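I opened this notebook to record what I looked up, entry by entry.

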Amino acid sequence: MLSDSSPPPARLFARLNPGITLEPNAAGGLSAIFDGRTVAFGKFGADVTARAADFETGVAFDGDADAEISELVRRLALYGLVEYRLARAPGDPDLIVIEPQMRDYAPRMVEIDEDRALTLSRFAYMRRRGADLVLESPRASALFRLCDPSVTAMIAHLSAARNVRELRESADFPGVELLALLLDGQILFAPGRDADQGLRAAEGDGDLVLWDFHDLLFHTRSTNGRHANPTGGLYAHAHLAAPPPAIRPSWPGPAIDLTTLDTAPPSAFASLLRRRRSTRAFDERRPITLAEVARLLGGAARIISRERSPDEDEEGPELEVAPRPYPSGGASYELELYLAVDRCEGLARGFYHYDANRHALVLIETSEHWLAAMLEDAQFAMGAPGVPQVLVTMAARFSRVSWKYSGFAYALVLKHVGVLMQTLYLMATEMEIGACAIGVGDIDLFAKMTGLAFHVEGSVGQIVIGRGVQSDSTPVAD
Ligand SMILES: Cc1cc2nc3c(=O)[nH]c(=O)nc-3n(C[C@H](O)[C@H](O)[C@H](O)COP(=O)(O)O)c2cc1C
């Protein structure tokens, strides 16, 4: 029961991001204008069309929002055009602004039991971004801009588990609506009644227990799919500094010339290293064959033995290891290979897991739309004329590494990606097959295609393979 002095409940409003306008178009529908583009969003009832201008300040987006308004907001959100503000009234200052980080995010005011304790996720963090204070988490699909000091104070109270009744005692309690949004956004969670004091195991997902904070943040922020920040070769600092030189200036000390010592002709392996180059254009008439894929995977990634680790004289619990042709820290061998196949002679277009134990490809049923999106992302990353014949995604079973290693588990995974990438490059070079590493993949797309949570087995590297247009190698067939 609210007392007379209680502030009115805060309400959620959806509004357009700065610089975007929504206008009625000639076809009787609504169009958004942004970045010099005009995108039509379909037809809506006369009352929605008449309210197009209200989207600049915000239209109510509560549980009882008009169904047509909700649909329009959903469509705008798919283009990343909306944010949500929490305020006591349309003209009141913002308490928080929610910036979606994933396109299918829509805020929900989940029900909160007044007696249920809530606490901050150990993955949540606050930082200054420009002149804003933002609250984020690699688990969350949205970022929360904190616009009122009362919100920041309440977040500080939530470092320990407290229920809503306790939080209400604070003089400037910003409202249960805020708690509901933060709980929905996985910034807060409700620990079980018998939760451990450290709360590490209590976040409701056993697969998170082995993750260190910085590792999960690094994984989600250095890939695409779970944030809305600009990425890629943007030359964002080119106006601030000259490009660093390609070759390091020499140290001033005495130099020992090695050229006179290194006179033997290059070995076959050294020649192979010199021959390796990236290939981005592939021969559409002569795609790579299934036999070539089999030889490449067998040579670079097949399990070659099964052993117990560590050795008897080492310390630590024993576990089984499955070595492959490349090295792996702690013999973790956490990397799995998934093939998105567009054109491969003898293998149907589709998505496959390489079962490195059986040396077999296993078809994974997935949406054609997602398969096309994954191949097109790689085409875009290479600036290539067409989609790759085969795109190999390296996915890490993170727990194989973090079960043992703390502090540098994710860094170790990325080192393994580099090791396997070069192994695949060299195997492809030897076979006269084209290959090109891809710098960044979409971890959300991979999660959708496999049904695996991004923090359980996630995409950490990609490499394209196929027959290059310049290649005069004879296709290998069965
Ligand atoms: C980790 C890594 C990521 C890369 N990402 C991309 C990429 O996204 N797109 C691309 O066209 N090439 C990519 N490359 C290929 C490099 O551009 C290429 O290796 C470099 O220009 C040297 O050329 P070379 O491989 O032909 O010797 C990547 C290479 C590495 C090792």
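**Entry 1: α8 and α11.** I looked up helix α8 (residues 290–301) and helix α11 (residues 409–430), which pack at an angle of about 135° with their axes 9 Å apart. Axes are lines fitted to C-alpha atoms, for helices over the stretch in contact, and angles run from 0 to 180 degrees between N-to-C directions. Helices (H or I, at least four residues) and strands (E, at least two) are DSSP runs, numbered from the N terminus. The angle makes α8 oblique to α11; angles under 35 degrees count as roughly parallel, over 145 as roughly antiparallel, 65 to 115 as roughly perpendicular and the rest as oblique. I noted a right-handed crossing for α8 and α11 (left-handed if the near helix is turned anticlockwise from the far one by less than a right angle, right-handed if clockwise). L296, G299, A300 and A301 of α8 meet L420, T423, L424, M427 and A428 of α11, contact being C-beta atoms, placed from the backbone, within 7 Å. Ala, Val, Leu, Ile, Met, Phe, Trp, Tyr, Cys and Pro count as nonpolar, Asp, Glu, Lys and Arg as charged, and the others, Gly among them, as polar.

**Entry 2: basis.** I noted that this is a predicted model, in which local features need pLDDT of at least 70, side-chain atom pairs count only at pLDDT 80 or more, and totals for chains, interfaces and linings use all residues. Residues are numbered from 1 along each chain as its sequence is written.

**Entry 3: α9 and α12.** I found that the axes of α9 and helix α12 (residues 443–450) come within 10 Å and cross at roughly 150°. That makes α9 roughly antiparallel to α12, and their crossing is left-handed. W370, A373 and M374 of α9 touch L445, K448 and M449 of α12.

**Entry 4: ligand.** Around the ligand I listed R277, S278, R280, A381, M382, C436, A437, I438 and G439 (C-beta atom, placed from the backbone, within 6 Å). β20 gives the largest share of this shell, three residues. By class, I recorded five nonpolar, two polar and two charged residues in the shell.

Note on methods: Two residues are in contact if their C-beta atoms, placed from the backbone, lie within 7 Å.
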